[in-house]
Amino acid sequence: VGQEVPSNATFTVNGGTVQNVSLLEVPRQGKGILTINSGTVEYSGIWMSRFSLDGPDPSSLFGRIEMNGGQLVRAGNSEHFRVGSAGAGDTGGSAGNIVMTGGLIDDTVGGTYNKTLYLGAGAVGRLHQSGGTSKWSQIQISDDSTLTVTGTGALEFGSATSTGDDIIIFNGTLNLDGGTLTATDEHSQLMVGEDSGKTGTVNITGGHLDMTTGPNNGDYYGSNSYGPNNGAGHGILNMSEGIYDARWLRFGAGDGGTAVANLSGGTLTAELRTGVGYGVGATGTVNISGTHVFEQTYDQLAVGQGTDSIGALNMAGGTLSNVIAGTGVPVYGYGTDSTATGSLTDGLMTVPALMIGGGGGSTANVTIGGTMDVDLAGTLTVGVGSPSNADLTIADNAMIDCAEFYIAADGAGTAVA
C-alpha cells in the first residue's frame, strides 16, 4: 500500500477476505494507509514504512493502519510485525502508526513459533488502542516508540507455544489510561528499561494491568534479562490511577540497573516478593504518596535486596498494607553490604512487622515523622541481623503502634525519638 515515492495510497476493506498476504507493506515507499472496517485481512508478516538503503529519504515515508472493525489475522510466519521500520515520518514524528478503535488483531496464530510486534524497528512506531481486542506473542518497544491502551481496548500478550512471550521496553513508553493489558502466559514478563543506556517508562493513569496469570510472571524495572549483555538500563513507573496486579516485582532488577516508582494513586498489588534495589549494585526507589494503595500480599518487601545495592522506600501519603496475616513484611537493608533508606512523613503503613537493618553488613536509615501512622501487628526491630547497622528516627507527630520493640536485636541499632 504505497509502492514508490511520492505515492499516497489508501486501501479500505469493508468486507470479504484478503487471503494469505505473504508480506504486507504499509507502505513500501511513500505514504500508505490501510483501513479495515469489516471483513478479514490475512498476513504472514507486516512492515510499516519499509525502505531500502538505496531508496528515498526515509523522512518521506509514513504508514498507518486504521482498525475500526473486522479482523487482521496472522496466517503464516514469514516475517515479524514491524511498525516504524524506516526513518521518522511526517505525522507526529512517526514512520508507523496503528490506530485501533474496534475489531480484532490476532498476531498469535498461523505458525509453529512466535513472532514479535516491533514498535520501533529503526524509527518511531506507535500503537494506540482505544477499543477492540489485540493479541500478541511478544512486544518490543524501542526508538522512543509508544504503546497506548485507553477506553475499552483489550490487549493480550503471551502464547502457550513459547517461554519468550514478554513486553520488552528498551527506549520507549507504555501508557495505560483505560481498558486492560493482560499477560496470558504463565512465563510472560514485563521488562522496562532493558539494556544499558536505555530508559523505559510505564505510565498508568487508569485501566487494569494484570501480570498474574502464572507463577513465573515478573515485572522488572531497570533490567538486563533479554537484551545484549551490556548491563541493565533505567526503568520508570508512574501510577496515578488504575489497578496494577503483579507477582514478582523488582525495581533496579538487573545488576547495575536503576529504577524509580512514583505511586500517587490507584492500587498496586504484589503477590510475591518486591525487591527495591534487587540486582548487584542496583539502585531502586519507591515513592508512595496521595491516595495510592500498595498491597504486599505475600513474602517481603525488601529494600536494598541485592549485594551492594541501594534501595529507598518513602511515604508522603497513601497506604502500604498486607492482605495475608503474617506476611508482607518490609525489610530495610536486606542484601549483603546493601544501603537502605526511608522517609515516612505521611500515610498509613499497616503490616505484620517492620525490620530495619536486615543483616549481611547492610546499613539502614529510616525516619518516621510528620503525621505518619505505622500500625504493626507484631514487632518493630532496629538492627535485626548480624552484622547490620540500623538507625531509626521518630519525629513530629508520627504514631507507631506495635506489639514489641527491639533495638539491636542481633546487630547494631539505634533509635531516637
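Which residues do ring pairs link into a cluster? Ring pairs join Y43, F81 and W136 in this way, where rings of Phe, Tyr and Trp (its six-membered ring) pair if their centres lie within 6.5 Å.

## Basis of the model

This is a predicted model, in which local features need pLDDT of at least 70 and side-chain atom pairs count only at pLDDT 80 or more, while totals for chains, interfaces and linings use all residues. Residues are numbered from 1 along each chain as its sequence is written, and side-chain values use heavy atoms, with hydrogens and water left out.

## The aromatic pairs

The structure holds three aromatic pairs. In one of them, the rings of Y43 and F81 have centres 5.8 Å apart and planes at 85 degrees, so the pair is edge-to-face; planes under 30 degrees apart count as stacked, over 60 as edge-to-face and the rest as tilted. Y43 belongs to strand β3 (residues 31-43) and F81 to strand β7 (residues 81-83), so the pair ties together parts that are 38 residues apart in sequence. Strands here are DSSP runs (E, at least two residues), numbered from the N terminus.

Y43 is buried, with a relative accessible area of 0%, and F81 is likewise buried, at 0%; buried means under 20% relative accessible area, exposed over 50%, and partly exposed in between, for a 1.4 Å probe and protein chains only.

## F81 in the nonpolar core

The largest nonpolar core has 79 residues, of which F81 and Y244 touch the most other members. Such a core is a set of buried Ala, Val, Leu, Ile, Met, Phe, Trp, Tyr and Cys residues joined through side-chain atoms within 4.5 Å. Leaving aside neighbours within four places in sequence, F81 is in contact (heavy atoms within 4.5 Å) with residues including Y43, I46, M48, D107 and W136.

## A buried aspartate

D106 lies in strand β9 (residues 104-106). D106 is buried yet has no salt bridge, and the nearest side chain of opposite charge, K135, is 4.7 Å away; a salt bridge would need a side-chain nitrogen of Lys or Arg within 4 Å of a carboxyl oxygen of Asp or Glu. Not counting residues up to four places away in sequence, D106 touches Y43, L72, V73, R74 and K135.

## Two residues with positive phi

Most residues other than glycine have a negative phi. D144, however, has a positive phi of about 60 degrees; D144 is found in the loop between β13 (138-141) and β14 (145-149) and is exposed, with a relative accessible area of 59%. Phi of D396 is also positive, near 60 degrees, and D396 sits in the loop between β35 (388-394) and β36 (399-401), where D396 is exposed at 64%.

Notes: Helix = DSSP H or I, 4+ residues; strand = E, 2+ residues; numbered from the N terminus. Lys, Arg positive; Asp, Glu negative; His and termini not counted.
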